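User: I am new to this structure and would like to learn how to read it. Could you walk me through some features, one at a time?

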Amino acid sequence: MNIKTLTLKNFRNYSSSTFEFKPGLNIITGNNGIGKTNVVEAIHYLSIARSFRTQEESDLIQEGKSNAEIFALIKEGDISRKIKVAFTSKGKQIFINNKPVNKISELSKCVNVLLFEPKDVFLFKGAPKARRNFLDINISKTSPKYLEIYSRYEKVLKQRNDCLKSDNVDLLLLETYTDLLIELSLPIINAREQYVKDINDILIKITRALTGKESDVKLNYTPFIKPDENYLESAKQAFKSALEGDLKRKATSIGIHREDISMSLNGQDIAVKGSQGENRIVALALKLSPYFLIQNKEQRPIVVLDDVMSELDQTHRLRLVKLLNKFEQVFITATKLEVKDAAQYHLANK
């Protein structure tokens, strides 16, 4: 898929601007603070209706304005879709072909964007939540059922935590919520295990393309309970053992919402033993891997790389560009960058 046109109205620093993009590489350049990241932020927003820079959607509305809008024309083979996101002080509303939609899953079916941003260099060293988000977002894009089950899990988790916060905890009700969490966790664990396995089949090839050498790189996932024939009994015992601590902390301390993934490079944990350069390259390879897991080439995602080139040496830049030329559509932001045959968009002060 690719984005043909993008119109921003009162979005960040754009009062009213329209961009026409092309398949292949699109390079967006300009001085720092000019609004390069704002453009790719809008593109990424069309995928999951969430900014990768802020949790406050009011930040997306231009200062002094009461509303903002992102409008895009998306092509998927012979199919064209008009996507619109309207922001007001009361919230946002999403339209696909002028029809309002209420489920993010409907939007994700129409627009898929892979993102690499500067902070991803710390993906393996930072909080586990970012790594879980990588898994959950990408699995959800390939499996609406996963998103549905995970959403149900989050709802039950909140109910269990609310129960734990009660002055007089209803242990029978707590057990009911626990049983529901255990039931919902199994398909999530199975999906995560399979996705990690699929990613690892691709990861080695992409890492080799970026580095020019063979590396034993592997994503590692250990579920909180092994999904075998003893899963139900083991899970119940785990929650029983954690009950006293949960009652003291008034929160659910175990479960799929606490799981983590790690990355090993040549047999060693990259977060502990890897250099910053190794962490950057492997994180980039991981973020690009889901592209090749989608069999239908017309449905493969748009790729956004925000300020990825500034920390790469010339050799790695050339290898990255060579790899990116295999993608349907890519957006790269940089203060200055020239790539042969790429579409160039230079932003300047008005």
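User: Where is V40 placed?

Analyst: Keep in mind as we go that this is a predicted model. V40 sits in helix α1.

User: Is V40 buried or exposed?

Analyst: The relative accessible area gives the answer. Buried means under 20%, and V40 has 0%, so V40 is buried.

User: Is R249 buried or exposed?

Analyst: R249 belongs to helix α6, residues 231–249. Its relative accessible area is 55%, and exposed means over 50%, so R249 counts as exposed.

User: Let us turn to rings. How many aromatic pairs does the structure hold?

Analyst: There are 12 aromatic pairs. One of them joins Y291 and F327: their centres are 4.2 Å apart and the angle between the planes is 40°, a tilted pair.

User: What kind of pair do F292 and F327 form?

Analyst: Look at the angle between the planes. For F292 and F327 that angle is 75°, with the centres 5.3 Å apart, and because over 60 degrees counts as edge-to-face, this pair is edge-to-face. F292 is in the loop between α8 and β12 and F327 in the loop between α9 and β13, so this pair ties together parts 35 residues apart in sequence. F292 itself is partly exposed, with a relative accessible area of 22%.

User: Which residues do ring pairs link into a cluster?

Analyst: The cluster is made of Y14, F19, F21, F331 and Y345. A ring can also have a charge over it: the charged end of K84 sits over the ring of F95, 5.5 Å from the ring centre.

User: Y345 makes me curious about strand β14. Which residues are on its covered face?

Analyst: The general idea is that side chains in a regular strand alternate between the two faces of the sheet. In β14, residues 343–346, the covered face has A343 and Y345, and the uncovered one has Q344 and H346. β14 runs parallel to strand β3 (residues 24–29), and 4 bridges join the two. N26 has A343 in β14 as its bridge partner.

User: In what order do the strands of the open sheet of 3 strands come?

Analyst: The order is β9-β10-β11, and the pairing is antiparallel. At the edges are β9 (217–221) and β11 (268–269), each of which pairs on one side only. Between β9 and β10 (residues 261–265) there are 5 bridges, and V217 has L265 in β10 as its bridge partner.

User: How much space lies in the largest pocket?

Analyst: Rolling a probe the size of a water molecule over the atoms shows where empty space is left. In this structure the largest pocket holds about 1500 Å³. Its lining has 43 residues, and those closest to the centre are I48, R50, N133, F134 and I137. Helix α3 contributes the most to this lining, with 10 residues. By class, the lining has 18 nonpolar, 12 polar and 13 charged residues.

User: And how many cavities of 30 Å³ or more are found?

Analyst: The search of the whole structure finds 1. The largest cavity has a volume of about 50 Å³. Among the residues lining it are N138, K141, T142 and Y291, and that last one is the buried tyrosine from our ring pairs. α3 gives the most to this lining as well, with 3 residues. The classes here are 6 nonpolar, 3 polar and 1 charged.

Notes
Residues are numbered from 1 along each chain as its sequence is written. This is a predicted model: local features need pLDDT of at least 70, side-chain atom pairs count only at pLDDT 80 or more; totals for chains, interfaces and linings use all residues. Side-chain values use heavy atoms; hydrogens and water are left out. Rings of Phe, Tyr and Trp (its six-membered ring) pair if their centres lie within 6.5 Å; planes under 30 degrees apart count as stacked, over 60 as edge-to-face and the rest as tilted. Buried means under 20% relative accessible area, exposed over 50%, partly exposed in between (1.4 Å probe, protein chains only). A charge sits over a ring if NZ of Lys or CZ of Arg is within 6 Å of the ring centre and within 35 degrees of the ring normal. Two strands pair if DSSP finds at least two bridges between them. On a 1 Å grid over the protein atoms alone, a cavity is a set of points where a 1.4 Å probe fits but cannot get out, and a pocket is an open set with protein on both sides within 12 Å along at least five of seven lines; lining residues have an atom within 4 Å of a point. Grid points are joined across faces, edges and corners, and a volume is the space filled by probe spheres set on the points. Ala, Val, Leu, Ile, Met, Phe, Trp, Tyr, Cys and Pro count as nonpolar, Asp, Glu, Lys and Arg as charged, and the others, Gly among them, as polar.
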